[in-house]
Each structure stands twice: as C-alpha cells, then as structure tokens.
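Here is a short briefing to read alongside the model. Take a moment with the fold before going through the points.

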Amino acid sequence: MTSSTALAAWISWMPSWVPSSSLGQFEVAASGDRTAPWRCARPPAEGWASLGEGLRIAQKKLRAMSVAEIVEAIDKVAKIWTDRTSPIRLEARARVVAATGFSPEAVDRSFDVELKNYRADSLERVLRRELVDPKVLDGFQPDAELKGATRAIGPRVTLVILTGNVPALPALSIVRALLVKSAVIAKVASGEPTFAALFVRSLADVVPAFGEAIAVTYWDRDDETSLKGALSQVDAVIAYGGDTACAAIRAHVGAHQRYIEHGHKLSCELVSKHYLEELGPSEVARRITEDVSTFNQHACIAPQAVIVEGDTETARRFGAELAVAMDAYAKECPLGTLEESDASSLQVRRLTDAWNAASNDKCDLWKAAGLDWTVTLGESLAGITGAGNRMIRVIPASSMSNAIDIVRPIARHLQNVGVGANGSELWTTTEELALLGACRVSEPGRMAEPSMIWKHDGMPCVSQLLRWCDVEMHRDSDPSSR
C-alpha cells in the first residue's frame, strides 16, 4: 500500500515513491480463530534492495531536520492521538478491537497510557537524560570532559519487529527511530497488525518526509527469506517477542548491526504490612487492579502476582478485596472477547486453581461469572507464565525479605515491580530487587504507565541506537570556531 492509497483494510504502509507494481499483495489472517480481512503489501525477495536504497535516500531529509523540529512534529501527532474523538484514533480503536477482541474501553485506556508519552516534554526529557545535549544529533557539540567535540549519528535504516500484545505499543520504537533520524522498516504482528500503518499515516500527514522514510509490512515468523531481505538493508534492529522468537531473529543479526531486544519478561507486586495498614486493603486492591487490568495484563509491565506480607489468612482477606476491585473495574472496562484457544487456556488455569483450592487450605479462587477477571491464592510463583487476561495470584510472605526470595525464581525475566512500602523499607526492598534483576520500581497503581524516560528493560534505548564521533587532541577542536 502506498501513502496515496486509502487504507481500507490494509495493514501496510509503503512510501509513495515505491511503485505498486513492484510489491506483492496478499491477505494476512489474524492469529488464532479471529477472521481478519487485512491486506498487506511487501517487496518480493529481489525487491528489498530497492526498498532499502529508497529509504536511505529518504533518510537524508530526516538528517537535514533538527532534532527540535522532529520532536515538535511528533508532538503534533501525539496531540491528535491523545484526543479520544479524533477520527484516526476512532478508526484505529475499531480496528484494534476487531483484531484483538479487547473491549473498546480497554483499547482506549491503552491508547491513553501509551500515546501521552510522545508529547514534546516527554521526548525532550528522554533525549536530555540519554544524550545530555540533544543537539549532538544535529552536529558536533562542545564536550568539556573530552576537551573537544562530539557528534551522535543514528542508523540510516532501522528494522523494527513489533509485538501485537499491547495496543499502540508499535509507536514506541518508530518514535525512537525517528528521534535519531533513522528511516524505518516495521514488521507488524499477526495478533494486532493494524495500528502501525495508521500511526504512520498520521506522521506523514504532519511531515510528509516521515511517511517517505517508513515502510510498514508483514511476514510470517517462519519466513526467513523476508527477514533476511529486510535485515540486509538495515543498520539497526529493534525486536520484540518471546525467548524463542527473539533467538531466531538474533541468529541472523550481523556483527555490524546495532541490536536491541525486548524479550519475555514478568512483573509482580510486593506489599508490606505497614503499607497495607496505612492505605487500607480496599485502596491497595484498587491500585493493583489498575496495574493488572490495563492492557488486559498483556504487557510485560503488568503484574502476574502480588506478594503480601502476612500469613495465609491476611493474603486470603486481601484476595477477597482484590476480587471486589477487579469486578468493579470490569464493569467500567470489560476484558473483551477472547479467542477460543485463549478462553480454553484460561478455563484450564481456573480449573487447576479450583482443584488446588479444594485440596489445599492455603489456596483459594475468586472469579467473574464470565472471563473478565480471576484472583487466586497460592503459595509460590510456580506456573506463572505471563499469559495475561486479568488473572492475578496473591501469595503470602512472612517478611519483605521473604517476598524477595519468592520472586527469586523469576529473576532472569524480572522487569517491573510495584512496591507497596515507604521509607527505609522501600529502599531496602528496592536495592534487593535491583540486584535481583528488576529494571523498574513504582508504587502500586502506577505500574502500567511507565514514562518514556524509563530505561526500558534496563537499557538506554535511544542512545543505544547511536554511534558517536569524537574530536579530541586537536588544537582547533572547539566547534564554535567554525
């Protein structure tokens, strides 16, 4: 699909300089049992070189823009998308609902959380945090420590392999690439292939050069020909996916290519006895419900378990409070419609927990009449997979130190932790979590809204795309002398 063609049921975006006759056109079936009449355009095996060359030419216009101009343009797009009444957002919401089964309100709340991150203040802050002086993206800037000058250069073209589990998340990597003045090849996911092309259309409406420097397409995860074709044209790769999918991509990335990977992660919450007493169980439960239910718990940042300091009965009482809060949230913002396979999987998980509750007095189960939410009481994180769909396990811990020990088995995949604690208890717990592997700690109720300034998965994701050139040990190394 080209930028001059109506989107209709298309999930791809191709710059206007790409001849339609040079593209293969095909249908993309959504994952699972959903019917999705999505159509896509993609270069044939011999067409990737031509696409790559065109993107490199288009990228020269991005390089000529100042980073301030790029930030201003992205901010204009974000302003459109943060308005719930904007036509393109309404179109995107309808498509995401059709592709994922999320309820319309669940999609809207996901959009609200994700897209506010691309306003100018947020973008400027991430650039300052990672680069100190964002103007290094525009040209050589003085560097007092170097006693010379430094310059940051982004990739000419970046390949972004997207995930479909979080509505609006594809915008994140596209924005990061644009901030470093890189053209983009974006590969959408079959689980939610619709958002990216619409977002790029918005970018192109504000700055046509953006649309000319971005291609959005799709190929099956087993299609190594297309993967290798795209990889052959890029300087950097950003990949999302499970451990197996990421390993398959990593195996084909060249030593000369920058590679940023966002693989399988798990998150949880820890609540101290003092925090529970201070705020009250119902308020803590309300906050944790927000963390669990946003994105339908599909995001890596969503907790899969909450570990409560106290005995089994304390955890059981909190589980009952959490069930009340989850039910209230679902009345305002339903889960939506699950694919048959996901619904069956959730039912099996519920049956397993019901059996545990019937045979073990340290286990329990609360659930909606439908599939909107599930709360369980258990003894450990065993069996936690991150499958999502608003299923949360409550686990008792004898102390906050014991809570850390309960988390230890998932240390390799640990990402986001909501810590209900204050003062020295907060900092002692957070220090232990950081050493264990956590890369973000927030208060309960704020887990689902990380800023773009956060070092995603513990990495400086913008600066990691860059290479640098330093001028030092030269008598005329002050760039102001030019």
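Leaving aside neighbours within four places in sequence, Y118 is in contact (heavy atoms within 4.5 Å) with I74, D75, A78, L123, A171, L172, V175 and M452. This is a predicted model, where local features need pLDDT of at least 70 and side-chain atom pairs count only at pLDDT 80 or more, while totals for chains, interfaces and linings use all residues. Residues are numbered from 1 along each chain as its sequence is written, and side-chain values use heavy atoms, with hydrogens and water left out.

**Core and the surroundings of Y118**

- Y118 is among the residues with the most contacts inside the largest nonpolar core, along with W81, L159, L179, F195 and F210.
- That core has 109 residues; a nonpolar core is a set of buried Ala, Val, Leu, Ile, Met, Phe, Trp, Tyr and Cys residues joined through side-chain atoms within 4.5 Å.
- In soluble globular proteins, nonpolar side chains tend to be buried together.
- N117 lies in the loop between α4 (104-115) and α5 (120-131); helices (H or I, at least four residues) and strands (E, at least two) are DSSP runs, numbered from the N terminus.
- N117 counts as buried because its relative accessibility is 11%; buried means under 20% relative accessible area, exposed over 50% and partly exposed in between, with a 1.4 Å probe and protein chains only.
- Not counting residues up to four places away in sequence, N117 touches S122, L123, P450, S451 and M452.
- A polar atom of the N117 side chain lies 3.2 Å from the backbone oxygen of P450.

**Helix α7**

- The 12 residues of α7 (residues 195-206) should span 16 Å at 1.5 Å a residue, and the end C-alpha atoms are 17 Å apart, which agrees; the expected span is 1.5 Å times one less than the number of residues.
- Helix α7 is mostly covered, with 9 of its 12 residues buried, including F195, L198, F199 and L203.
- The cover over these buried residues includes α2 (67-81), α3 (87-100), α4, α6, α8 (208-212) and β7.

**The parallel sheet**

- An open sheet of 5 strands has the order β7-β6-β5-β8-β9, with parallel pairing; two strands pair if DSSP finds at least two bridges between them.
- Its edge strands, each pairing on one side only, are β7 (214-217) and β9 (258-262).
- Strands β5 (residues 157-161) and β8 (residues 236-240) pair in the parallel sense over 4 bridges, and A236 in β8 is the bridge partner of T158.
- Helix α6 (residues 170-179) packs on the sheet and touches β5, β6 (183-187), β7, β8 and β9, with its direction at about 165 degrees to that of β8; axes are lines fitted to C-alpha atoms, for helices over the stretch in contact, and angles run from 0 to 180 degrees between N-to-C directions.

**T217 in strand β7**

- T217 lies in strand β7 and counts as buried, at 1% relative accessibility.
- The side chain of T217 reaches the backbone oxygen of A41 at 2.8 Å.

**The mixed sheet**

- A further open sheet has 7 strands in the order β12-β13-β14-β11-β10-β15-β16, and its pairing is mixed.
- Its edge strands are β12 (364-367) and β16 (440-442), each pairing on one side only.
- The twist averages 20 degrees from one strand to the next.
- Helix α12 (residues 281-293) lies across β10, β11 and β14 (391-397), running at about 175 degrees to β10.

Conventions: Polar contact = N/O pair within 3.5 Å; in protein donor to acceptor, adjacent residues only side chain to side chain.
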